[in-house]
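Here is a short briefing on one protein model. Look over the sequence and the structure first, then work through the topics below.

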Amino acid sequence: MNESQDRKWRILIVDDAPQNLRLLETMLVDQGYQVFALPSGEMALRAAARDNPDLILLDILMPGIDGYEVCTRLKADPQLKHIPVLFLSALNEPWDKIRAFRIGAVDYITKPFQLEEVEARVRCHLELRRQKQELQSSYEKLQNLEGLRDSLVHMVVHDMRAPLTVFLMALDSIDGQMLARDPVLQEIVNLARQSARQLTQMANNLLDISRLEASEMPLQRSRGDLVALARTVVESSRTFSEGRQVRLEADGPLWAAYDADLIQRVLHNMVGNALKFTPKEGEVIVQMERADRHVRVAVIDNGPGIPPSFQEKIFEKFSQVETRQKRSGTGLGLAFCKLAVEAHGGEVAVRSEVGRGSTFWFTLPLP
């Protein structure tokens with residue numbers, strides 16, 4: 001059981017009419033609640049700050065500050081704004097009720113009131129509060145678990161990089177002439193080298209995602225031509241395109257201030273992802289254009305497309321794209337792209353239709 005179930009609910013009643021205070025206090029105490037009854041708004045604000053009640057029953061027409069002002073001050077206080085306020089008032093015009101709800105009340109009962117109605121509404125709002133507290137507690141536990149998971153992943157990945165580097169160095173040191181004499185061995189070594197590089201890239205992505213999420217990766221911005229950067233990425237991508245066409249569509253240079261290393265990796269990830277899902281003899285197009293106060297970069301493929309249910313979460317960590325043929329990807333590359341672009345003040349998104357390909361695009365603000 002949580003804290004709210006182990007203790008009595010605390011209810012603060014505020015009304016300048018002594019008979020109303022006695023009547024409500026007696027009824028609520030009989031129901032098992034812990035009750036504080038006060039005759040003025042000034043006293044109510046001090047009591048709320050001191051006792052942090054679970055619910056406040058609040059009159060409107062009182063000497064000094066009225067109920068509207070009390071509620072307004074409560075909702076302006078970060079430590080008190082979560083307390084539900086239920087108005088009890090003789091004011092019964094629609095505008096009075098609208099004003100109450102606009103300033104943050106959860107309910108409104110007109111006087112003269114029925115005790116049974118008050119008791120029922122109190123019970124209802126306390127149950128809602130209990131459910132909200134449980135939801136908040138579950139959310140905090142989930143956040144803690146995610147933090148532990150990310151810390152563990154970060155630690156493991158950080159320790160992976162050193163042996164991976166040694167492994168790659170060992171593969172690169174194998175005598176080329178010996179490999180040339182043994183095609184089978186050469187294929188095995190090439191496959192091992194490619195897999196080791198993929199693991200290294202995954203490790204780098206995970207570590208960089210953690211740094212970007214924690215705002216611990218300062219951008220090394222410099223003025224540069226995005227078209228020239230994209231041309232380099234497109235040309236290097238052709239070496240592993242396996243027959244797929246990769247081409248750049250851009251008119252002239254597009255100058256912006258950005259971190260060249262991060263944006264180059266964003267482009268590599270998006271183009272590589274497009275090639276992965278583009279069929280043989282297919283085509284990937286990188287389009288670049290100036291639009292208003294930003295540069296828009298789009299990577300277009302004619303692959304199988306992405307179902308709508310996956311488009312909303314495709315930029316989340318560890319999400320996978322599911323097509324009719326397979327599930328693919330670690331979900332790290334696109335998560336890195338999103339964080340890197342947003343760190344620049346840009347946005348990233350996907351537009352896709354099953355059977356008609358996908359367009360991944362991002363923007364970078366112009367200086």
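Pro112 sits in the loop between strand S5 (107-110) and helix H6 (115-172). Helices (H or I, at least four residues) and strands (E, at least two) are DSSP runs, numbered from the N terminus. The model is predicted: local features need pLDDT of at least 70, side-chain atom pairs count only at pLDDT 80 or more, and totals for chains, interfaces and linings use all residues. Residues are numbered from 1 along each chain as its sequence is written, and side-chain values use heavy atoms, with hydrogens and water left out.

- Lys111 and Pro112 are joined by a cis peptide bond, with omega at about -5 degrees.
- Asn52 is not a glycine, yet its phi is positive, about 50 degrees.
- Asn52 belongs to the loop between helix H3 (41-51) and strand S3 (55-58).
- Asn52 has 29% relative accessibility, so it counts as partly exposed (buried is under 20% relative accessible area, exposed over 50%, partly exposed in between; 1.4 Å probe, protein chains only).
- Glu281 is not a glycine either, and has a positive phi of about 70 degrees.
- Glu281 is found in the loop between helix H10 (260-277) and strand S9 (283-291).
- With 70% relative accessibility, Glu281 counts as exposed.

**Helix H9**

- Helix H9 (residues 226-237) has 12 residues.
- From first C-alpha to last, H9 reaches 16 Å, close to the 16 Å expected at 1.5 Å a residue (1.5 Å times one less than the number of residues).
- Buried residues of H9 include Leu226, Val227, Leu229 and Ala230.
- Seen down the axis of H9, the buried residues fall within an arc of 160 degrees, so they line one face of the helix (the arc is that of the directions from the helix axis to the C-beta atoms).

**Cavities**

- The structure holds 2 cavities of 30 Å³ or more.
- On a 1 Å grid over the protein atoms alone, a cavity is a set of points where a 1.4 Å probe fits but cannot get out; lining residues have an atom within 4 Å of a point.
- Grid points are joined across faces, edges and corners, and a volume is the space filled by probe spheres set on the points.
- The largest cavity has about 80 Å³ of space.
- Of its 11 lining residues, the closest to the centre are Phe277, Asp301, Ile306, Ser358 and Phe360.
- H10 gives the largest share of this lining, 3 residues.

Terms used. On a 1 Å grid over the protein atoms alone, a cavity is a set of points where a 1.4 Å probe fits but cannot get out, and a pocket is an open set with protein on both sides within 12 Å along at least five of seven lines; lining residues have an atom within 4 Å of a point.
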